[in-house]
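Let's take a walk through a protein model together. Keep the 3D view open and turn it as you read.

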Amino acid sequence: MKLLKLSLLSTLVSLCLVSTYSAAQDAEDGIDVSGTLRANYSYKEYSENSKDKSGDLTFEMASVKFNGKLGDWGLASEYRFYDGWEALRYGYAFYDYSPEWQIQFGINQVPFGNPGFISNSFWFGVPYYLGFEDDYDTGVKTIYSSNGWGTELAFYKNAEYGASRNERYSTDLYSGTVNGTEYYNEETNQLNIRQTYEMAYEGGKTVVGGSFEIGQIYNSNTGNNGDRYAIALHLDSNYNGWNLQLQAMQYEYDAADSLDDNKIAVAAYAWQYEIASKAQAYSVNVAKTFTTSWGSVKVYNDFGLVTPDVDNDDYDNSYQNVTGVALSSGPTYTMIDFITGKNMYASTLDNGHIGLPEIGDGWDYRINVNFGYYF
């Protein structure tokens, strides 16, 4: 039913867009409709059910994308259909008012941290699970790019969905009950700035930068506002097929009228969990890409560490390491990941949190293989 719904939606919207633009567009204007179909195999060493079945192979996601321009105006959007739920990843209009300047309106990517991703794998890096990688919120963003310099300034009124909804792509604050604690927090009035500089050289380029985020936390139960901030330094360097990503960041959620100031709830991918309200997060990623006669092979290792910085000595570090390979050939892209974790959400047994007191003991691992077809 989901795939049928995707097919009908793609057909109807593409017909509407073609009929709307065909009379006015010139040779340089147009609308591009594309999509994705993905399946996923998962084996969890710490799950007896998973081991008994030798893992599980399931439908993971289908998506439809629309990208296009009419003169200086354009649009970009992606809607995703998962197993049992669906969500908008992003959707915004943009205006190019000069070769150096662009403004975006709508649900767009928050300019924080390494541009794009601070990870190579399907599993993301630890900043994603904290709300600071590939995050999308509702607001306006201005982008400037010239002579290697890149500046992004954005204001977001709120997250892309209401705080009580866990069926979302981006990780955002959650309002609801998690592990017996009631939360009433909502993201609002957020300001972001990211400054980068690109250095090009024979064989590659290096992008260095810094990011800053500040915003409020609205308590829907009391009507009071708390505050939050995050800051990061990041580097993304490429040379002859090698890639190095480094990032160090600190964040703090200071919610108003909180029952426990040491933790806060977030949600993503149809689930909710708790994270330390203040912590540092570090990412060190190395990758090497090889070109082949049939496509390319990228081998990588992504390491992430979260160190809680709260007034509770029982809170423990969280670790995640992903070693993997990505195979690209024609319209297909496959990621094979070996994921190890310690006190890390989604990577270890009985640890539905990040940076809180460890429940399990030692490291756990899982294997994940994601098969994607892009059209």
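Start with strands β14 and β15: β14 covers residues 263-268, β15 covers residues 271-276, and the two pair in the antiparallel sense over six bridges. To spot the pairing for yourself, find isoleucine 264, which stands opposite isoleucine 275 in β15. These two strands belong to an open sheet of four strands, in the order β8-β14-β15-β20, with mixed pairing. Which strands sit at the edges of this sheet? They are β8 (172-173) and β20 (353-354), and each of them pairs on one side only.

What you're looking at is a predicted model. For the protein chain, the average pLDDT, which is the predictor's confidence in each residue on a scale from 0 to 100, is 93, and 93% of the residues score at least 70. The stretch to be careful with is residues 1-27, where the pLDDT is below 50; beyond near neighbours in sequence, this stretch has 26 contacts in the model.

Now move to strand β1 (residues 30-44). It runs antiparallel to strand β2 (residues 56-70), and 13 bridges join the two. How many residues lie between β2 and β3 in their hairpin? There are two, and glycine 71 in the turn has a positive phi of about 70°.

Next, let's pick out two single residues and see what surrounds them. Glycine 150 lies in strand β7, which spans residues 149-159. Is glycine 150 buried or exposed? Its relative accessible area is 13%, and because that is under the 20% cut-off, glycine 150 counts as buried. Leaving aside neighbours within four places in sequence, glycine 150 is in contact with Tyr144, Ser145, Arg194, Gln195 and Thr196.

What does valine 322 touch, if you don't count residues up to four places away in sequence? Its contacts are Ser121, Trp123, Tyr300, Asn301, Asp302, Asp337, Phe338 and Ile339. Take asparagine 301 from that list: valine 322 and asparagine 301 are 21 residues apart in sequence and 5.6 Å apart in space, C-alpha to C-alpha.

Now for the empty spaces. Rolling a probe the size of a water molecule over the atoms shows where empty space is left. The largest pocket holds about 1,100 Å³ of space. It is lined by 33 residues, and the closest to its centre are Lys44, Trp123, Tyr269, Ala346 and Arg366. The elements that give two or more residues to this lining are β1, α2 (48-53), β2, α3 (126-130), β15 and β21 (364-374). Of these, β2 gives the most, with four residues. By class, the lining of the largest pocket has 16 nonpolar, ten polar and seven charged residues.

The second largest pocket has about 580 Å³ of space. Of its 30 lining residues, Phe117, Asn120, Ser121, Tyr333 and Met335 are the closest to the centre. Among the elements that give two or more residues to this lining are β1, β2 and β3, along with β12 (225-239) and β19 (332-342). Which strand gives the most to the lining of the second largest pocket? That's β16, with three residues. Sorted by class, this lining has eleven nonpolar, eleven polar and eight charged residues.

Finally, look for the cavities. The structure holds three of 30 Å³ or more, and the largest cavity has about 100 Å³ of space. Its lining is made of 16 residues, with Val110, Phe112, Phe132, Glu133 and Asp134 the closest to its centre. Five of the lining residues are nonpolar, six are polar and five are charged.

Conventions:
Residues are numbered from 1 along each chain as its sequence is written. This is a predicted model: local features need pLDDT of at least 70, side-chain atom pairs count only at pLDDT 80 or more; totals for chains, interfaces and linings use all residues. Side-chain values use heavy atoms; hydrogens and water are left out. On a 1 Å grid over the protein atoms alone, a cavity is a set of points where a 1.4 Å probe fits but cannot get out, and a pocket is an open set with protein on both sides within 12 Å along at least five of seven lines; lining residues have an atom within 4 Å of a point. Grid points are joined across faces, edges and corners, and a volume is the space filled by probe spheres set on the points. Ala, Val, Leu, Ile, Met, Phe, Trp, Tyr, Cys and Pro count as nonpolar, Asp, Glu, Lys and Arg as charged, and the others, Gly among them, as polar. Contact means heavy atoms within 4.5 Å. Buried means under 20% relative accessible area, exposed over 50%, partly exposed in between (1.4 Å probe, protein chains only). Two strands pair if DSSP finds at least two bridges between them.
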